Protein chains: 2
Amino acid sequence: TVSAAAAAESKAEEKGIEKEEMIEAAPSSLLREEADATGMRASFEKMIREAQDSICAAIEEIDGTKFHEDAWTRPGGGGGISRVMQNGNVFEKAGINVSVVYGTMPQEAYRAATGTAEKGEGKSTEQGKAGRIPFFAAGISSVMHPKNPKAPTVHFNYRYFETDSQMEGGPRGWWFGGGTDLTPSYLFTEDAQHFHGTLKDTCDKHDEAFYPRFKTWCDEYFYNQHRGERRGIGGVFFDDMNDRDPEELLAFATDMANSVVPAYCPLVVKHKDDEFTETEKEWQQIRRGRYVEFNLVYDRGTTFGLKTGGRIESILMSLPLTARWEYDQVPEEGSEEEKLLEACRNPPDDWFAL
Amino acid sequence: TVSAAAAAESKAEEKGIEKEEMIEAAPSSLLREEADATGMRASFEKMIREAQDSICAAIEEIDGTKFHEDAWTRPGGGGGISRVMQNGNVFEKAGINVSVVYGTMPQEAYRAATGTAEKGEGKSTEQGKAGRIPFFAAGISSVMHPKNPKAPTVHFNYRYFETDSQMEGGPRGWWFGGGTDLTPSYLFTEDAQHFHGTLKDTCDKHDEAFYPRFKTWCDEYFYNQHRGERRGIGGVFFDDMNDRDPEELLAFATDMANSVVPAYCPLVVKHKDDEFTETEKEWQQIRRGRYVEFNLVYDRGTTFGLKTGGRIESILMSLPLTARWEYDQVPEEGSEEEKLLEACRNPPDDWFAL
């Protein structure tokens with residue numbers, strides 16, 4: 001394990017994020033001192049840590065067991081707190097992670113991402129060492145997989161991003177992103193309506209244009225292109241949001257994080273003790289396989305984390321405890337399994353019109 | 001399922017490979033008629049189909065059950081034959097696939113791959129429609145996962161590639177690639193020596209420089225970078241081989257394919273009835289999770305297949321029937337599990353010196 005640690009360290013160095021150090025207990029703030037302790041960085045950290053506390057409390061109450069907590073910091077600043085529940089009474093695996101990252105990315109990556117290279121803009125007046133662009137990212141992310149195949153999996157993630165870029169003519173150096181989405185193995189229309197409805201109500205309080213736009217974005221994002229099917233039945237997803245006052249966007253992200261419990265928890269409570277057959281359990285495991293396919297092949301958060309030297313165990317916490325791949329498994333016509341698959345292939349434009 | 005088929009078809013069209021049509025029985029050849037029925041394309045197809053037959057026969061004899069066969073062709077030429085054994089007596093899942101693909105790839109992809117763009121070369125005198133470069137690929141690929149955690153998983157793949165490129169100053173438009181590698185959950189040094197030794201003997205008959213070079217290449221290729229560990233204990237891997245007479249390379253690929261049975265089958269026979277604990281079975285499932293990570297995040301064959309519209313069920317046949325992800329699972333010091341992990345982290349330079 002000495003050699004593994006050395007390998008991880010050398011990998012992290014070349015990728016621009018320092019190796020993390022595990023610590024005994026979570027510190028009051030993961031931010032660097034002074035400059036970051038006020039303003040949006042501090043407000044956002046406070047929000048995601050309160051959300052982690054309140055959502056963990058709600059899940060612990062349903063499950064009857066406690067989350068295990070791991071905390072770490074990095075020498076140059078930043079860190080994270082992972083809370084994981086494995087093999088609980090209700091949940092097979094649930095993880096809620098907050099992290100604060102001070103990192104750098106190659107200049108070319110930043111230019112490519114923002115399109116400034118093509119426009120001949122983006123001349124740098126001040127850069128980090130070796131032409132790398134400093135960035136700051138803070139976020140909460142979570143996946144919860146219940147045991148019962150009738151109870152759905154949920155994922156949510158809310159994040160705030162800044163670059164220290166001093167590029168002339170570059171885009172504004174901050175944005176918000178996030179979303180909450182549901183992955184059931186069996187489709188209950190009234191559950192889908194409750195979930196989407198709760199998210200829609202929260203969106204509507206901020207902007208009635210949000211829900212329709214972010215619902216479609218979610219359907220487009222969580223897409224296993226090679227199978228022509230979505231991971232689940234969606235919810236909302238948004239990224240690169242910086243078109244209004246940052247305080248308004250913080251308020252929106254806060255309300256969305258707070259809507260996870262009312263949107264999701266009633267569905268788990270309703271189905272956690274449902275009867276099920278061995279065939280239904282196997283179908284859940286096959287859907288978990290699709291979940292793994294999406295996260296490892298397409299998910300930007302996962303692939304970004306894997307490629308920038310983040311803490312692997314926290315990034316891959318999203319993977320289910322167990323998954324299954326059967327060759328050429330096709331649900332019977334007219335079955336409940338086919339009904340779910342159809343919703344993943346052709347999501348309804350309007351869940352409330354069903 | 002009608003909409004799924006339509007989605008797959010439209011996807012395949014935009015990617016340049018036509019949608020496959022399932023057929024009742026495998027045809028005598030998957031090649032287009034006339035022009036391809038002689039020469040290397042025909043010789044290579046004959047070799048991989050004979051290898052599929054002989055390796056399937058050896059596995060069926062060990063397992064006591066039969067492979068299921070699916071065959072397909074594409075309207076414009078090419079096709080494949082998948083043979084799958086699922087939930088056999090000895091094997092949890094085993095697949096041996098041959099395929100012949102006539103496709104096109106974007107000109108930019110070809111130039112980027114060959115480096116001709118940078119050198120200012122590669123002016124095309126004759127191109128496929130819409131500036132795409134035609135290619136031909138034929139190969140055999142296989143993964144076999146036994147049930148017993150003491151019995152190792154094997155993977156092999158042998159392929160022949162041609163481009164119809166008429167580029168001036170471009171590289172030679174054909175090459176061979178392939179390899180055979182072992183993924184045990186528990187390390188038995190004498191098994192590793194038998195496996196590597198059989199491959200080395202076959203390599204040595206063709207060129208004594210092959211084994212050391214291809215052993216290192218294999219260790220570098222089957223690498224889960226985010227974990228700092230290899231998928232298994234390697235074997236041999238090579239690609240882009242066109243530095244000698246194609247007939248010599250065909251003879252080498254043929255001998256390598258024929259060495260799969262003597263290298264692998266004795267190990268399965270030896271361990272298929274070993275006693276094991278529940279903990280050992282869980283460790284196998286965790287290692288299967290790492291296998292999934294490699295195949296979905298890094299493997300070129302898998303990602304190429306997923307992104308060019310190949311037959312999904314055949315491409316993902318390589319995934320295990322079941323896999324497991326435990327949060328922060330670390331083997332006990334001095335355990336058999338740690339011994340395997342150490343070999344994945346720091347593979348010995350010379351298996352025969354142990």
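This is a predicted model: local features need pLDDT of at least 70, side-chain atom pairs count only at pLDDT 80 or more; totals for chains, interfaces and linings use all residues.

**The interface of chain A and chain B**

Let me begin with the strands. Strand β11 of chain A, residues 322-324, pairs with β11(B) in the antiparallel sense, over 3 bridges. Within this pairing, Ala323(A) stands opposite Ala323(B).

I turn now to the extent of the contact. On the side of chain B, 39 residues are in contact with 39 residues of chain A. The area buried between the two chains is about 3,700 Å², and carbon and sulfur atoms give 55% of that area. Which three residues supply more than any other three of the area that chain B buries against chain A? They are His226(B), Trp325(B) and Tyr327(B), which supply 22% of it.

Next, the polar side of the matter. Between chain B and chain A, 15 residue pairs are in polar contact, counting pairs with both residues at pLDDT 80 or more. The rule also finds 4 salt bridges across the interface. In a salt bridge, the side chain of Arg227(A) meets that of Glu313(B), at 3.4 Å from N to O.

Finally, which elements of chain B give two or more residues to the side that touches chain A? Among them are β2 (68-73), β3 (78-86), α8 (278-297) and α10 (312-315) of chain B. The most comes from α1(B), with 5 residues. By class, this side of chain B has 15 nonpolar, 9 polar and 15 charged residues.

Thank you for your attention.

Methods: Residues are numbered from 1 along each chain as its sequence is written. Chains are lettered from A and ligands numbered from 1 in the order in which they are written. Side-chain values use heavy atoms; hydrogens and water are left out. Contact means heavy atoms within 4.5 Å. Buried area is the accessible area (1.4 Å probe) that two parts lose on being put together, summed over both. A polar contact is a pair of N or O atoms within 3.5 Å; within protein, one must be able to donate a hydrogen and the other to accept it, and residues adjacent in sequence count only if both atoms are side-chain atoms. Helices (H or I, at least four residues) and strands (E, at least two) are DSSP runs, numbered from the N terminus. Ala, Val, Leu, Ile, Met, Phe, Trp, Tyr, Cys and Pro count as nonpolar, Asp, Glu, Lys and Arg as charged, and the others, Gly among them, as polar. Two strands pair if DSSP finds at least two bridges between them.
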